[in-house]
Amino acid sequence: MAQITLISPTTVIAITGMRKKLSEISGASVRYKLSSLSPHVNWNIQKHIPWFGFTTSSNYYYSYGKNNNTSGVVNVSEGAISVPHGWPLEKVSEDQKGSKMKGSSRFFTIGLVAAWYSSNIGVLLLNKYLLSNYGFKYPIFLTMCHMTACSLFSYVAIAWMKIVPMQTIRSRVQFFKISALSLIFCVSVVFGNISLRYLPVSFNQAIGATTPFFTAIFAYIMTFKREAWLTYLTLVPVVTGVVIASGGEPSFHLFGFIVCIAATAARALKSVLQGILLSSEGEKLNSMNLLLYMAPMAVVFLLPATLIMEENVVGITLALARDDVKIIWYLLFNSALAYFVNLTNFLVTKHTSALTLQVLGNAKGAVAVVVSILIFRNPVSVTGMMGYALTVFGVILYSEAKKRTK
């Protein structure tokens, strides 16, 4: 069997054979025109390519035909298409492959990073606007809208668009583990949204940057995992920066500060617990599949909470919509953005290196701070900015220390 391997949505590389293939994009499909030895016979395969270039682990079978209308079967498995010996293909050189891949890959990655930044900063600023400036004071209901959207979009992305292979829950124990993670996830998101009612985005981001500090604490308490002394030393500027920022924050609010610290700690706890609970190979889920299962569980947790703690929130929202229909569009757009935060985070993680991701992550927080100050015009102090800068510097040192000790 001759074999061609999918390298990207626009490129196919022939591994064995004699003749070169031609490919062209056609909507969401790629058509591979394979020339046979006979000049009178042209073969065409049309295979649906999953979005963003991901392939599934299942076997799919596609028909092929030639000019006399005969047909057969093409086996597609693990990102490779196997065709009969009657279709000789020419091996494409590394130079040819590189020239085709380099330009498209660079623009694709830049686009992903731009989408990642836009969705992250967009959902943060829109949450702040809704909960603080607009006066929609229902953070639990807002979070439930986010989780509902994540449930729906996750299913569409995985079951229909096949962005990643669907992974199933294999046992009741694994189900309860994911449920526990979902509950902690709910707490972190709800508390983070509550804090935005009381704190400016700039200070919220400064506190959120202390996640490595809480991660190190929980990892030590729960797994007895000790880091090198240099790693712990780098956490000093992380904490010191937040202390300085708190003292110099003109809009400091004690309750908002406590809730934001709780949200940051819950986020770190989820990260550590995920490593413990889903550590076996049979239970590991990629982030997209984990979201597919956690999001509907989160809706189940949040629905009674919002009905009890945010009484008549649905009626109030509908009343607001009668006066200003824009609130519905705000909620729909904000909920969609909440899903795209997770999607773009997964894609950027896949298509960049760990070092690039760290740099981009640290820069993203700083960009969010600058944009929020420009939009909301919240007062800032030199002391507060110095404290935030020190925290970010500490996070960078922490990342470098972790990398060196691996």
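Colleague: Where is the place of Y138?

Modeller: This is a predicted model. In it, Y138 sits in the loop between α1 and α2.

Colleague: Is Y138 buried or exposed?

Modeller: Buried means under 20% relative accessible area. Y138 has 17%, so Y138 is buried.

Colleague: Which residues is Y138 in contact with, leaving aside its neighbours within four places in sequence?

Modeller: Those residues are L131, E310, V313 and I316. Y138 and T317 are 179 residues apart in sequence. In space, their C-alpha atoms are 9.5 Å apart.

Colleague: Now the nonpolar cores. Which members of the largest nonpolar core touch the most other members?

Modeller: A core is a set of buried nonpolar side chains joined through atoms within 4.5 Å. The largest here has 60 residues, and F141, I178 and L302 touch the most other members. The elements that give two or more residues to this core are α1 (94–134), α2 (139–160), α3 (172–198), α7, α8 (287–309), α9 (313–323), α10 (326–351) and α11 (354–376). Another core lies apart from it, with eleven residues, among them F203, A245, C260 and V392.

Colleague: Take F141. What is F141 in contact with, beyond its neighbours within four places in sequence?

Modeller: F141 is in contact with F136, T306, E310, V313, V314, T317 and L331.

Colleague: Which residues line the largest cavity?

Modeller: The lining is S202, F203, A206, A245, E249, G384, M385 and Y388. By class, that is five nonpolar, two polar and one charged residues. Both α4 (201–208) and α12 (382–405) supply at least two residues of the lining. F203 and A245 are also members of the eleven-residue core.

Colleague: And the loop between α11 and α12? Is N378 buried or exposed?

Modeller: N378 lies in that loop. At 12% relative accessible area, N378 is buried. Leaving aside its neighbours within four places in sequence, N378 is in contact with P200, S202, S372 and I373. S202 also lines the largest cavity.

Colleague: Cysteines, then. How many disulfides does the structure hold?

Modeller: A disulfide is a covalent bond between the sulfur atoms of two cysteines. The structure holds zero. C145 is buried at 17% relative accessible area. C260 is buried at 3%.

Colleague: Now backbone angles. Which residue other than glycine has a positive phi of about 55°?

Modeller: Most residues other than glycine have a negative phi. K162 has that positive value of about 55°. K162 lies in the loop between α2 and α3. With a relative accessible area of 27%, K162 is partly exposed. N312 also has a positive phi, near 60°. N312 lies in the loop between α8 and α9. At 52% relative accessibility, N312 counts as exposed.

Colleague: One last residue. Where does A262 lie?

Modeller: A262 lies in helix α7 (residues 254–277). Its relative accessibility is 27%, so A262 counts as partly exposed. A262 and S188 are 74 residues apart in sequence, yet 7.3 Å apart in space, C-alpha to C-alpha.

How values were computed
Residues are numbered from 1 along each chain as its sequence is written. This is a predicted model: local features need pLDDT of at least 70, side-chain atom pairs count only at pLDDT 80 or more; totals for chains, interfaces and linings use all residues. Side-chain values use heavy atoms; hydrogens and water are left out. Helices (H or I, at least four residues) and strands (E, at least two) are DSSP runs, numbered from the N terminus. Buried means under 20% relative accessible area, exposed over 50%, partly exposed in between (1.4 Å probe, protein chains only). On a 1 Å grid over the protein atoms alone, a cavity is a set of points where a 1.4 Å probe fits but cannot get out, and a pocket is an open set with protein on both sides within 12 Å along at least five of seven lines; lining residues have an atom within 4 Å of a point. Ala, Val, Leu, Ile, Met, Phe, Trp, Tyr, Cys and Pro count as nonpolar, Asp, Glu, Lys and Arg as charged, and the others, Gly among them, as polar. A disulfide is a pair of cysteine sulfur atoms within 2.5 Å. Contact means heavy atoms within 4.5 Å.
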